[in-house]
Amino acid sequence: MTGAPVRAVLFDWGGTITPWHEIDLRAQWTAFADGVGTLACARDDLAGRLYAAEALAWQRGRSLGVSARLPEILEACGLARGEALTEAGTAAYRSFWEPHTLTHPGVGPLWEALREAGLRVGVLSNTIWDRAYHRSIFERDGVIDLIDGDTYSSETPWVKPRAEIFTYAAREIGCAPEECVYVGDRSYEDVHGPQQVGMRAIWVPHSRIPVEQQVSHDASPDAVAHELTDVAAIVAAWNLARR
Ligand SMILES: [Mg+2]
């Protein structure tokens with residue numbers, strides 16, 4: 001094996017370090033509208049507008065590579081930042097999501113093993129949520145201290161698979177892109193994306209990506225991890241092969 005030694009392993013979030021769940025994307029916004037306190041037609045109208053605004057944001061991500069943020073989606077539907085109704089809806093929306101945010105129980109031991117092997121551990125997520133919320137999840141699940149660098153698309157102009165966000169995430173963790181391995185569950189975003197900048201890609205092929213979220217592309221992963229915990233052995237083998 002030639003090439004740079006692996007010095008950092010960056011992980012996708014949803015479906016990779018959280019178990020893949022089929023989410024009813026309309027139901028999250030119905031929960032939001034319930035939290036706001038709307039009833040009957042007004043409830044369905046608000047939930048429908050929020051659903052459409054979010055779908056547009058992700059579609060723009062897939063077609064243009066641009067990021068979006070939850071407050072922008074809410075504002076597009078007349079829900080201003082900081083207002084009591086916006087806060088109430090957001091709290092209900094967070095409750096809807098909470099069971100789907102649980103960190104895979106293998107993540108803590110995996111990240112400890114990688115760090116013991118002298119590797120840095122990072123996170124790079126396509127998300128409309130902010131850093132504070134994501135870090136509160138990692139803190140709740142006891143893994144926050146194992147993260148050396150975390151990048152959230154919501155605080156950059158881009159989403160995966162744009163090359164820029166991978167270069168940015170590598171810089172955040174203090175390594176060259178070719179010294180990084182990326183681990184994720186989506187071939188387009190998480191295999192094609194990082195390989196553009198010279199990162200190696202490990203695919204975790206267990207998520208059922210909805211058809212409307214799939215993008216035609218051509219990429220093959222440098223390795224496949226059928227169990228998340230396989231990542232440590234894959235990376236160790238790459239570094240051993242260089243000696
Ligand atoms: Mg994912």
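**Figure 1. Domain arrangement in the predicted model.** The C-alpha centres of domain 1 and domain 2 are 26 Å apart. Domain 1 comprises 8-19 + 102-241 and domain 2 comprises 25-99, the bounds coming from an automatic or database domain assignment. To their contact, domain 1 gives 12 residues and domain 2 gives 11 residues; two residues are in contact if their C-beta atoms, placed from the backbone, lie within 7 Å. On the side of domain 1 that touches domain 2, seven residues are nonpolar, four polar and one charged. Here Ala, Val, Leu, Ile, Met, Phe, Trp, Tyr, Cys and Pro count as nonpolar, Asp, Glu, Lys and Arg as charged, and the others, Gly among them, as polar. Residues are numbered from 1 along each chain as its sequence is written. As this is a predicted model, local features need pLDDT of at least 70 and side-chain atom pairs count only at pLDDT 80 or more, while totals for chains, interfaces and linings use all residues.

**Figure 2. Packing of helices α1 and α4.** The axes of α1 (residues 25-36) and α4 (residues 84-97) come within 7 Å and cross at roughly 140°. Helices (H or I, at least four residues) and strands (E, at least two) are DSSP runs, numbered from the N terminus. Axes are lines fitted to C-alpha atoms, for helices over the stretch in contact, and angles run from 0 to 180 degrees between N-to-C directions. α1 is therefore oblique to α4, given that angles under 35 degrees count as roughly parallel, over 145 as roughly antiparallel, 65 to 115 as roughly perpendicular and the rest as oblique. Residues of α1 in the contact include Phe32 and Val36, and those of α4 include Tyr93, Phe96 and Trp97. By class, this contact of α1 with α4 has 11 nonpolar, three polar and one charged residues.

**Figure 3. The open sheet of six strands.** With parallel pairing, the strands follow the order β3-β2-β1-β4-β5-β6; two strands pair if DSSP finds at least two bridges between them. β3 (149-152) and β6 (223-224) are at the edges with a single partner strand each, so one side of each has no neighbour in the sheet. β1 (residues 8-11) and β4 (residues 180-184) are joined in the parallel sense over four bridges, and Val9 stands opposite Val181 in β4.

**Figure 4. Two local backbone features.** Most residues other than glycine have a negative phi, and most peptide bonds are trans. Lys160 and Pro161 are joined by a cis peptide bond with omega about 10°, and Pro161 is in the loop between β3 and α7 (163-173). Ala40, in helix α2 (residues 40-64), has a positive phi near 50°.
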